[in-house]
Amino acid sequence: MVVLLSCAACSSAAGEDGAAGSADAGTTVGADQEIPADDDEPDADPEPEPAGTEHLVEIEIFQFGVDELSVVAGDSVRWNNNDEIVHTVTSGSRTYGELGVVTATETDGLFDFTLDGREPDQASASFTFDEPGTYSMICTIHPGIDMTVEVSA
Ligand SMILES: [Cu+2]
């Protein structure tokens, strides 16, 4: 009796040992193969990025690299202008009518960066989104350069 009890305690406590693994394989082969896979998944999936992460958006060929970006409050977004002209990254939005004609442009003054892609030290800027919400931004010079940042708590 004592020997059996100590064996049971040993195999249940040492879940990652080879001895315990072979004991499991003897009883349920199929389940034994699935359990390591399930254990690997949480390790393979990265944890949500901690607040304060900087997300990069490349401006290239008259487009933001992404139309929408999801970040966490406290994260920042950095825009890099890779075009050899000036773009702005301005907090605001456009309304488009028929045939893509701009019918309204609104800016809200939250930020307004002028990025000159010809000047390495003037081609990049970042903004930290501290409050949850939906933010939109445009290049005020070039219609069609628009994007949205979703900031979650
Ligand atoms: Cu532009």
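Where is L99 found? L99 lies in the loop between β4 (86-96) and β5 (102-116). The legends below treat this loop and other parts of a predicted model.

**View 1. The protein chain carries three helices and eight strands.** The chain has 153 residues, and 14% of them are buried. Contacts between residues at least 6 apart in sequence were also examined. Of these, 52% join residues at least 24 apart.

**View 2. β1, β3 and β6 make an open sheet.** The strand order is β1-β3-β6, and the pairing is mixed. β1 (54-59) and β6 (124-129) are the edge strands. Each has a single partner strand, so one side of each lacks a neighbour in the sheet. On average, neighbouring strands of this sheet are turned by 20° against each other, direction ignored. In a regular strand, side chains alternate between the two faces of the sheet.

**View 3. β1 runs parallel to β3.** Strand β3 covers residues 75-81. Six bridges join the pair. Which residue in β3 is the bridge partner of E54? The partner is S76.

**View 4. F62 sits in the loop between β1 and β2.** Strand β2 spans 68-72. The phi of F62 is near 60°. That is a positive value in a residue other than glycine. Is F62 buried, partly exposed or exposed? F62 has 14 C-beta neighbours inside 10 Å, so F62 counts as partly exposed. The partly exposed class lies between the cut-offs of 12 or fewer for exposed and 20 or more for buried.

**View 5. β4 and β5 form a hairpin.** Five residues lie between the two strands. The strands run antiparallel. How many bridges join β4 to β5? There are 10 bridges. In this pairing, R94 stands opposite T105 in β5.

**View 6. L99 lies in the turn of the β4-β5 hairpin.** L99 is not a glycine, yet its phi is positive, about 60°.

How values were computed. Residues are numbered from 1 along each chain as its sequence is written. This is a predicted model: local features need pLDDT of at least 70, side-chain atom pairs count only at pLDDT 80 or more; totals for chains, interfaces and linings use all residues. Two strands pair if DSSP finds at least two bridges between them. Helices (H or I, at least four residues) and strands (E, at least two) are DSSP runs, numbered from the N terminus. Axes are lines fitted to C-alpha atoms, for helices over the stretch in contact, and angles run from 0 to 180 degrees between N-to-C directions. Two residues are in contact if their C-beta atoms, placed from the backbone, lie within 7 Å.
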